[in-house]
Amino acid sequence: MSLTVPYENLKMLNRPFEAAFKQKFTDFLDTGWYILGNEVTKFEEEFGDYHNEQYVVGVANGLDALILSLKACDFKDGDEIIVPSNTYIATILSILHCGLVPVLVEPDMETYNIDPENILKAISNNTKAIMVVHLYGQCCDMDPIISIALDKKLKIIEDCAQAHGASYKGKMAGTFGDFGAFSFYPTKNLGALGDAGALICKSEAHYQKLRQLRNYGSEKKYHNEVVGYNSRLDEIQAAFLRIKLPYLNEINLHKKKLAAIYLTELREDFIKPVLNKDFDNVYHIFNIRHPQRDRIKAYLMENRIGTEIHYPIAPHKQKALKFMNHLNYPVSTEIHNTTLSLPCSFAHTVEDIYYVVETLNNFTL
Ligand SMILES: *Cc1c(COP(=O)(O)O)cnc(C)c1O
């Protein structure tokens, strides 16, 4: 069954860039250079310029961006990293893959982002870093988080996989912490045509370390300085990303325009994201919450509207994280039980969104 309004449509989303992609691919074949070439270097520069930052390292994907930022810090086995309990599981996996201990902290029920007061309560003598996640496209409340980090001498790693171009008090996601980790998975606000990622970092030492870590510990061929990985940003993906980066603001503006329709037109019993002038939300995901979430999802599907749930199962309830299945995170659990993500893509038209609004406003229990 083809939907009237699918949740996402990547082919349509990328259609405006198709001619440029094809030309780029032809040029790429002509160069015969496939790994860590001019396109990666240029993309790193341009992504840095976009953020007004100097140090950008392209990597293979968002999970690796998180892992390499932790690796670059040289934490010890058993050190604790604070992370929101309602994040996508990748954030927590990055901590586990580094032999570190994830300490889950509940989010704020209105912003869905990590609650700074709960961070304070979770800090122990072993805490080394706070991994904030700017979830659904809205930045975390960074001022109190930065003062906690300064006070307790903790590193800040920002998971920006859902927040390309988002800002807080005029400052962009990825520029607050020691590291800003980005994913360019195809559905993200800046999406490649495959896997890709990047890291922004603040210090030259971290920058050099990250460049080694992503490439077998080596900057100079066959000279291996550290125990590195193969996590390079693919040259062709960098080339495609360079075509889309100049349109990131336009993509975000389009999503904001669609979100504004939901915010003004949707019935009040659907709990909507809260607006706050300090937070420029780029609506990677536009979610509503409702106690009858599953019935609403089924009802929308009957009306040929696709939705998603971000996420159906809280990380601490996942089989993969058995060691924390006994823990209790009621705020996170409530969000996971009630959240529903509505169509809000660069591929959607204003008419698509009005159709979703009209259908939702006709929902009866
Ligand atoms: C997508 C995502 C990731 C992982 O990115 P990949 O490129 O798929 O590895 C990490 N964290 C969050 C919050 C994400 O949404």
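## Strand β8 and its partners

Phe179 stands opposite Cys201 in β9. At the other end of this pairing, Ser183 has Gly197 of β9 as its bridge partner. The two strands, β8 (residues 179-183) and β9 (residues 197-201), run antiparallel to each other and are joined over five bridges. Two strands count as paired if DSSP finds at least two bridges between them; strands (E, at least two residues) and helices (H or I, at least four) are DSSP runs numbered from the N terminus. This is a predicted model, in which local features need pLDDT of at least 70 and side-chain atom pairs count only at pLDDT 80 or more, while totals for chains, interfaces and linings use all residues. Residues are numbered from 1 along each chain as its sequence is written, and side-chain values use heavy atoms, with hydrogens and water left out.

Strand β8 also pairs with β5 (residues 155-159), here in the parallel sense and over three bridges. In this pairing, Glu158 is found opposite Gly180 of β8.

## The seven-stranded sheet

The strands β8, β9 and β5 belong to an open sheet of seven strands with mixed pairing, in the order β1-β9-β8-β5-β4-β2-β3. Its edges are formed by β1 (55-59) and β3 (101-105), each of which pairs on one side only. Neighbouring strands of the sheet are turned against each other by 20° on average, with direction ignored. Helix α3 (residues 38-51) lies across β1, β8 and β9, and runs at about 130° to β1. Axes are lines fitted to C-alpha atoms, for helices over the stretch in contact (heavy atoms within 4.5 Å), and angles run from 0 to 180 degrees between N-to-C directions.

Ser85 is located in the loop between β2 (80-84) and α5 (89-97). With a relative accessibility of 0%, Ser85 is classed as buried. Its side chain forms a polar contact with the side chain of Glu106, at 3.0 Å; such a contact is a pair of N or O atoms within 3.5 Å, of which, within protein, one must be able to donate a hydrogen and the other to accept it, and residues adjacent in sequence count only if both atoms are side-chain atoms. Leaving aside residues up to four places away in sequence, Ser85 touches Leu104, Val105, Glu106, Pro107, Pro315, Tyr329, Ser332 and His336.

Ser332 and His336 lie in helix α12 (residues 330-338), where Ser332, Ile335, His336 and Thr338 are buried. Among the elements that cover the buried residues of α12 are β11 (286-289), α11 (293-302) and β12 (339-342).

## Asp64 in helix α4

Asp64 is part of helix α4. Because its relative accessible area is 18%, Asp64 is buried. The side chain of Asp64 makes a polar contact of 2.7 Å with the side chain of Ser231. Between Asp64 and Val5, which are 59 residues apart along the chain, the C-alpha separation is 33 Å.

## Backbone geometry in the loops

Most residues other than glycine have a negative phi, and most peptide bonds are trans. Leu36 has a positive phi near 45° and is not a glycine. Leu36 occupies the loop between α2 (18-31) and α3, and with a relative accessible area of 26% Leu36 is partly exposed. Tyr222, likewise not a glycine, has a positive phi of about 65°. The loop that holds Tyr222 runs between α8 (204-213) and α9 (235-244), and Tyr222 counts as exposed at 70% relative accessibility.

The peptide bond from His310 to Tyr311 is cis, with omega near 10°. Tyr311 belongs to the loop between α11 and α12.

Conventions:
Buried < 20%, exposed > 50% of the residue type's maximum accessible area, 1.4 Å probe, protein only.
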